[in-house]
Amino acid sequence: MKRLRQLFFTFALILAVGPSLAVHAEEGESAGYSVAKVAPTTPQVDETSSFYDLKANPGDEIDIQAEVTNHSSAGMKIKMGDYTTYTNANGEINYSAPLAKENEDKSLKFLFSDIAEIKGNGTETLSPGEKKVVTMKLNVPQDAPEGVILGSWYFEKDDQASSDTKKEEKKKTGINIENRFAYAMAVKLTIQNEIAAPNMNLLNVFPDLNNYQKVINANVQNDQPAIISNLNFTGKVTKKGSKNALLTGQLKDRKMAPNSNFNVPFFLGKEPLKAGNYTLHLKATTTDSKWKEQTWEWTKDFTVTREEANKLNEEAINDPEPEPNYLLYILVAIIAFLLIVLLVVLFRKKREKKTQQ
């Protein structure tokens, strides 16, 4: 079963990586449309920024605009979305996917998707060569605290004409591969000022799988309305009560979205996960130029149960195959040989007895 999972994972990885490389290679030539920021009339923190870097106050109503151009010789529809940013599994800010409800951090009070409103029905139809200016309205809450609300204005080509073809292809092959050409334009609202200082917390430590590899995850949280960049993590996992490192890990130059969390992984490699009591020692440092250098250090005990260890070891693909037990094979062979000899002796005695009769 483990070998089958390895083959399946490798095949799935080829399917996933192959199309994504094609998208990056062809996007400039094949997207057929472009999106450009229209300079806002509202005050900006940085007027030279390529994204919407807006200065705001509680209760403000702000309109921002973008110019969408169809460069192709065919008509097209462009879908738009307003996404709340979050910190993804790689420790980077994700602007190109909606924030799932179950992944909302408990400290996140104001979602960008709740205060943003795209005028119209969220879809624009463009004739060949046509340009259109689209508008998004931002309603800053009256009780919005000082700091940053971060989101994105997302644009994606809506290829309705080929949807039936894609469904038919998926039905025939069981595989659905789509090339999507999208733009995600960051929208940063600085409410009055940046916060005076950042803060981070260690929320939880637990064993898990990361791309079918065994890890100990340290779930860290940025609980403030601020982007934290130039963020580095170093740490180790020890047996509880010991100073000897069983696992070590580090992440460099990461960036966290406001009021978000993500997992810092400690990979076990080929070592099996064992039940027991452990301690995580973790240090985080930011040299973000918005503040003086900040450092946080945490020590947290955690337990791996036998059930968790067995389950994750079974499901992981990076475990080595168990060494053959040659002694057991020899013992089985000897027993089998002795049984055969015994059967032969009994058979001969029975036949001799019949002959004598």
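**Aromatic pairs in the predicted model**

Ring pairs join Y52, W153 and F155 into a cluster. The model is a predicted one. Across the whole structure, a search finds 6 aromatic pairs.

One of these pairs is formed by Y33 and Y183. The two ring centres lie 5.2 Å apart. The planes meet at 70°, so the pair is edge-to-face; planes over 60 degrees apart fall in that class. Y33 belongs to strand β1, which covers residues 33-38. Y183 belongs to strand β11, which covers residues 182-191. The pair therefore ties together parts that are 150 residues apart in sequence. Y33 has a relative accessible area of 2%, so Y33 is buried. Y183 has a relative accessible area of 24%, so Y183 is partly exposed. The cut-off behind these two labels is 20%, under which a residue counts as buried.

W153 and F155 make another pair. Their ring centres are 5.2 Å apart. Their planes stand at 35°, so the pair is tilted. The label follows because an angle under 30 degrees would count as stacked and one over 60 as edge-to-face. W153 is buried, at 0% relative accessibility. F155 is also buried, at 0% relative accessibility.

The charged end of K37 sits over the ring of Y52. That charged end is 5.8 Å from the ring centre.

Note on methods
Residues numbered from 1 in each chain as written. Predicted model: local features only at pLDDT ≥ 70, side-chain atom pairs only at ≥ 80, totals over all residues. Heavy atoms only, no water. Phe/Tyr/Trp six-rings, centres within 6.5 Å; stacked < 30°, edge-to-face > 60°. Helix = DSSP H or I, 4+ residues; strand = E, 2+ residues; numbered from the N terminus. Buried < 20%, exposed > 50% of the residue type's maximum accessible area, 1.4 Å probe, protein only. Lys NZ or Arg CZ within 6 Å of the ring centre and 35° of its normal.
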